Amino acid sequence: MTYDEWIAANYPDHDRAYGRCKPATDAMLQAFPELRQVRGTYLDAVWGERTHWWLVAPDGRVVDPTAAQFPTKGRGLYEELKPGDPVPSGVCMDCGDTVYDGATFCSDACERATARYLATGIL
């Protein structure tokens, strides 16, 4: 069975692939131990940057069992996180910038601005 055949049999569409990056790569790694599991970000032209898991073949090719979940279906930019890199986890509740490692705000200033707004209704 090829990588593409395995993906088609297990994660053929958005509904089966969405949000299942880690378990899908775990399962595919069991079926194809020559692959290397990678955590990083995927830049989708429609959705923007998302934290993601995928696999890399021995020849360096990206093998993404859950690419069907993205509007660009794996034609976006994959960027591997190195050990110790902060992990993008969402957007700042105040300004919309990327936040990392589960943070809610990107800075103390944004957190204070949101607290001030919630307390007074004044920006």
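Ala 68 is in contact (heavy atoms within 4.5 Å) with Tyr 11, Pro 12, Asp 13, His 14, Ala 17 and Lys 73, leaving aside neighbours within four places in sequence. The model is predicted: local features need pLDDT of at least 70, side-chain atom pairs count only at pLDDT 80 or more, and totals for chains, interfaces and linings use all residues. Residues are numbered from 1 along each chain as its sequence is written, and side-chain values use heavy atoms, with hydrogens and water left out.

**The loop between E3 and E4**

Ala 68 lies in the loop between E3 and E4. Helices (H or I, at least four residues) and strands (E, at least two) are DSSP runs, numbered from the N terminus. Ala 68 counts as buried. Buried means under 20% relative accessible area, exposed over 50%, and partly exposed in between, with a 1.4 Å probe and protein chains only. Pro 88 is 20 residues away from Ala 68 along the chain, and their C-alpha atoms are separated by 21 Å.

Gln 69 is found in the loop between E3 and strand E4 (77-80). Gln 69 is buried too. Its side chain reaches the backbone nitrogen of Gly 19. The side chain of Gln 69 also makes a polar contact with that of Thr 66. A polar contact is a pair of N or O atoms within 3.5 Å; within protein, one must be able to donate a hydrogen and the other to accept it, and residues adjacent in sequence count only if both atoms are side-chain atoms. Beyond four places in sequence, Gln 69 touches residues including His 14, Tyr 18, Trp 47 and His 52.

**Thr 41**

Thr 41 sits in strand E1 (residues 36-44). Thr 41 is buried. A polar contact links its side chain to that of Glu 49. Among the residues that Thr 41 touches beyond four places in sequence are Arg 50, Trp 54, Leu 77, Tyr 78 and Pro 88.

| Residue | Polar partner | Distance |
|---|---|---|
| Thr 41, side chain | Glu 49, side chain | 3.4 Å |
| Gln 69, side chain | Thr 66, side chain | 3.0 Å |

**The sheet**

Four strands form an open sheet in the order E3-E2-E1-E4, with antiparallel pairing. E3 and E4 stand at the edges with a single partner strand each, so one side of each has no neighbour in the sheet. Two strands pair if DSSP finds at least two bridges between them. Strand E2 (residues 48-56) is joined to E3 by two bridges, in the antiparallel sense. Val 56 has Val 62 of E3 as its bridge partner. H3 packs on the sheet and touches E1, E2 and E3; its direction makes about 10 degrees with that of E2. Axes here are lines fitted to C-alpha atoms, for helices over the stretch in contact, and angles run from 0 to 180 degrees between N-to-C directions.

**Helix H1**

Tyr 3, Trp 6 and Ile 7 are the buried residues of helix H1 (residues 3-10). Seen down the axis of H1, they fall within an arc of 95 degrees, so they line one face of the helix. The arc is that of the directions from the helix axis to the C-beta atoms. Asp 4 and Ala 8, on the other side of H1, are exposed. Helix H3 (21-31) and strand E3 (62-63) are among the elements that cover the buried residues of H1.

**The E5-E6 hairpin**

Strands E5 (residues 88-91) and E6 (residues 98-100) run antiparallel, joined by three bridges. Val 91 stands opposite Thr 98 in E6. Six residues lie between the strands of this hairpin, and Gly 96 takes a positive phi near 90 degrees.
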